Amino acid sequence: MSFLVIMRIVGLLLMLFSLTMVPPVVISLIFDDATWDAFVIGLGITFVTGALLYWPTRHARRELRTRDGFLITVMFWSVLGLFGSLPLMLATDPSLSFTDAVFESFSGLTTTGATILTGIDLLPESIRFYRQQLQWLGGMGIVVLAVAILPTLGIGGMQLYRTEIPGPLKDSKLTPRITETAKALWYIYAALTLTCFLAYWLAGMSWFDAIGHSFSTVAVGGFSTHDASIGYFDSATIEMICVFFMVISSLSFGLHFAVWREKRLSHYLLDPEFRFFVIFLALLVTITIATLMVSGTYSDALGLRHGLFEAVSMATTTGFGVADFTVWPGVLPFMLFIAAFVGACSGSAGGGMKVIRILLILKQGLREIHRLIHPNAVFSIKVGKMRISGGVAEAVWGFFSAYMLLFVLMLLILLATGLDQVTAWSAVGSALNNLGPGLGGVAEHYGDMPSLAKWTLVMAMMFGRLEIFTILVLFTPAFWRR
């Protein structure tokens, strides 16, 4: 393990991350919200800490191995999440405790979108901007992680589309090609953000709201600069723009890269994960709208708008809202929440178990049925034209098993804090799937939860964001042996 190299990288990351507190300072000065000092102090603490880690180890040079990649990845998210909470703690408004500031920071960086805040419309503009910026940075970070790094580490079946995903795909070390991959992904991510911003702005948002919501939309995050989320604008045009970019951002950025590189839109239609995702969304939207109309919840075009928006927002794990879906009739609240367990496509900023894993689990289930009918036959699993190896299939089932065990364990912890079953169940599901909205006591915000529950959910956000095994591997003795 190259500990000195790891310290150098973490120190460098902290120094770079400190610079992200400059834009909120500018916003604070523009709006004169008297909160700039919290970001300046946060910047100073973060930069100095990073410099203290970087300077003594600046000459450490050594080839990074796979185990180093695991440790750097986990430290990257945990350290930045902690230091990202500094401005939220230091600001007099909203004046958060350490636990609440860390919760809000991790929720932003992991693009979960769960919030402990109320009265967001009344917060200083710099704080409102900073929350949106955290999601944007976290979304890009997870895209680079999912497309460039996780396939190299070989966990959870994320290395499935080796021919589609750019960057290092199967190697024992992290190669320089990750730099090239990350650069290409940044271009695509930035272009989507700029396009989304312009669309929102032309549709009637102020430049401040347009920037903030473009950040959280492309990051599939769900934070908003208003308590009423997208519903604040009450605009069909803005809602449809949001739906479009939520879907686009929930697709694999590796797939976007392949389309951009070869200038062929047919890559989308040829991708099995894309086709399954679109069919799943279409079914979910149809059932949602039909139920709202038949039940008499809506009798006009509002039912179409709200049904479409909420179904896409939940299924993509974005978590924006235009209506309170938790009071919708029948099975709708539960169904929409369960849709988030499927989640977005692999290699996107979205959460959930990922569409490709669900597709593989379904195909494996069908294979077992065929085996019962024809015990002596040999059946292979194919996704599109690709034959799935036994290793990938085992990794998917391993991920699913670990996911369910963690879910149950964290659910028991939350129940032990005194929360009711619906609140505890939905809070864990929301955090583990990086969704944001919940049911019961967390339908509006998470501020009333006990501290132990909040820290448990912070861990759930991390596990969900880093594909579970990335963190679990650090707890095995074999990882630390030379």
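**Close-up 1. Cysteine residues and the disulfide count.** With a disulfide taken as a pair of cysteine sulfur atoms within 2.5 Å, the count comes to 0 disulfides. Cys242 is in no disulfide, and its nearest cysteine sulfur, that of Cys196, lies 7.1 Å away. Cys345 is likewise in no disulfide; the nearest cysteine sulfur belongs to Cys242, at 17 Å. The model is predicted: local features need pLDDT of at least 70 and side-chain atom pairs count only at pLDDT 80 or more, while totals for chains, interfaces and linings use all residues. Residues are numbered from 1 along each chain as its sequence is written, and side-chain values use heavy atoms, with hydrogens and water left out.

**Close-up 2. Burial of Cys242 and Cys345.** Buried denotes under 20% relative accessible area, exposed over 50% and partly exposed in between (1.4 Å probe, protein chains only). Cys242 has 0% relative accessibility and therefore counts as buried. Cys345, at 2%, also counts as buried.

**Close-up 3. Packing of helix 13 against helix 14.** Helix 13 (residues 272-294) and helix 14 (residues 301-315) pack at an angle of about 140°, with their axes 9 Å apart. Helices are DSSP runs (H or I, at least four residues) numbered from the N terminus; axes are lines fitted to C-alpha atoms over the stretch in contact, and angles run from 0 to 180 degrees between N-to-C directions. The two helices are therefore oblique to each other, a class left after roughly parallel (under 35 degrees), roughly antiparallel (over 145) and roughly perpendicular (65 to 115).

**Close-up 4. Residues at the contact of helix 13 with helix 14.** Contact means heavy atoms within 4.5 Å. Residues of helix 13 including Phe280, Leu284 and Met293 meet residues of helix 14, among them Gly303, Leu308 and Ala315. The contact residues divide into 12 nonpolar, 3 polar and no charged, where Ala, Val, Leu, Ile, Met, Phe, Trp, Tyr, Cys and Pro count as nonpolar, Asp, Glu, Lys and Arg as charged, and the others, Gly among them, as polar.
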